[in-house]
Amino acid sequence: MSRTLLLWLPADAEAPAETAWWEVADGRLVAQGHDSGWLPRSPDRAAEPVTIIGLVGADAVRTERRDPASLATAQARTAARLEAEGGALGSDPHAATSAAGWIAVTDAARMQAWLAWAEVQGIGLDHIVPAACLLPRDGGWHAARFGSHALLARDGVALPDDEALVAALVGDAPFGRVAPDALDNAIAGLASALPVDLRQGRFARARRWAPDPRRLREFALLLLFIMLAALAIPIAKAVKWEAQARALDRDTAALATAALGRPVEATAAETELRAALGSGAAGTNAAQMVASLFAAMQSAPSVEATMIDWGAGGRLDARLVAGDAGALNAVLLMLQQRGWSVTATPVAGGDGRAAIDLSMRGAS
């Protein structure tokens, strides 16, 4: 249920809490009074959220009505506000405009007094609206009473409850009285639409952001998803790296097994190969050739070595097989680019795959 509390704002910041007030719930006036009975209905004491609107009289605010089309843009409203402040009396005027066609001018000191009174009562004013905006605009004078406060207005131009002023400006012109029911409906309508709000510009209310309680579950689920994603990414990378490491170990073990002619584990492959190379004629140069051959084969995963041997004179012999000759040529080209002297002789693979007998030597 949406609730709005409307309060007639006194001019004195030290004034008591007793004032005219109206309570609107779901667009309908449900309670009113002229006392401090609004306090239990204020936001800090009520169970539901409450919007607070302050009403101010003609003695505090000068209002003017214009064609809404002339104030339809933000630039037009800014220009009108500056014009109104420039033509206002007083050292520190404050003006407000609206797309509904209203211009309202008051004094900054009055704004500060209204806000200070609300602070003393322990509330914040969401909006401040001139009461004159609620009277009919049909070219005639209309009188209305807001609690004990009287107001006379014609097409937005309002007069306070001052007999001399009314006599001088209105004279004998007839005026109608706004029926209480009509005024109650106009007050209730402020809960859904404001003609103009004095809380703008330097007096605009700074609102603290708070999440909608109905969306807290969505925020919690989104946060959980982000946390799970943050955990899943490194886990997925670790699994991928582990799979790649196992594949590399398998390739290393297979190459070392083919080279030595006996089963060799990946963890012992380097030690076994170094021992075998150190005891043969190839020596350190052969270790470099094996390392280069392994690196070239890693770049062409479809290439396998079915035999690796060391011949006399520092030559490395190997039989390589692959699904196509292109992969074998890529290995040969990489070895040549690394400075090795390479010869290759095509042989029958026996299983439909391409095969070559490779011989490597150091570059001459």
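These are my notebook entries on a predicted model.

**Ground rules.** Residues are numbered from 1 along each chain as its sequence is written. For this predicted model I take local features only at pLDDT of at least 70 and side-chain atom pairs only at pLDDT 80 or more, with totals for chains, interfaces and linings using all residues, and side-chain values use heavy atoms, with hydrogens and water left out.

**Whole protein.** I find eight helices and 16 strands; these are DSSP runs numbered from the N terminus, helices being H or I of at least four residues and strands E of at least two. Of the 364 residues, 37% count as buried. Buried means under 20% relative accessible area, exposed over 50%, and partly exposed in between (1.4 Å probe, protein chains only). For contacts (heavy atoms within 4.5 Å) between residues at least 6 apart in sequence, 59% join residues at least 24 apart.

**Helix 2.** I looked up residues 108-120, which form helix 2 with 13 residues. Its first and last C-alpha atoms are 18 Å apart, close to the 18 Å expected at 1.5 Å a residue; the expected span is 1.5 Å times one less than the number of residues. At the start of the helix, a side-chain oxygen of Asp107 comes to within 2.9 Å of the backbone nitrogen of Ala109. After the helix comes Gly122, with a positive phi near 85 degrees.

Which residues of helix 2 are buried? I list Ala108, Met111, Ala113, Trp114, Trp117 and Ala118. In an α-helix there are 3.6 residues a turn, so residues three or four places apart point the same way. The buried residues of helix 2 pack against several strands, including strand 1 (3-8), strand 4 (50-56) and strand 7 (102-107).

**Cores.** A nonpolar core here is a set of buried Ala, Val, Leu, Ile, Met, Phe, Trp, Tyr and Cys residues joined through side-chain atoms within 4.5 Å. The largest one has 29 residues, and Leu7, Trp38, Trp114, Ile128 and Leu198 have the most contacts inside it. Strand 1, strand 4, strand 7 and helix 2 each supply at least two residues of this core, and its largest share, five residues, comes from helix 2. A second, separate core of 25 residues includes Trp310, Ala327, Leu328 and Leu358.

I then checked Leu198. Beyond four places in sequence, Leu198 touches, among others, Val56, Thr106, Met111, Trp114, Ile128 and Phe203.

**Thr106.** Thr106 is in strand 7. Is Thr106 buried or exposed? Thr106 is buried, at a relative accessible area of 6%. Its side chain reaches the backbone oxygen of Ala60 at 2.8 Å. Outside four places in sequence, the contacts of Thr106 include Val61, Pro93, His94 and Leu198.

**Gln32.** Gln32 lies in strand 3 (residues 28-35) and is partly exposed, at 45% relative accessible area. Residues up to four places away aside, Gln32 touches Trp21, Trp22 and Asp184. The side chains of Gln32 and Trp22 make a polar contact of 3.3 Å. A polar contact is a pair of N or O atoms within 3.5 Å; within protein, one must be able to donate a hydrogen and the other to accept it, and residues adjacent in sequence count only if both atoms are side-chain atoms.

**Positive phi outside glycine.** Asp26 has phi near 55 degrees. Asp26 sits in the loop between strand 2 and strand 3 and is exposed, at 52%. Asp155 has a positive phi of about 50 degrees. Asp155 is in the loop between strand 10 (149-154) and strand 11 (157-159) and is partly exposed, at 31%.
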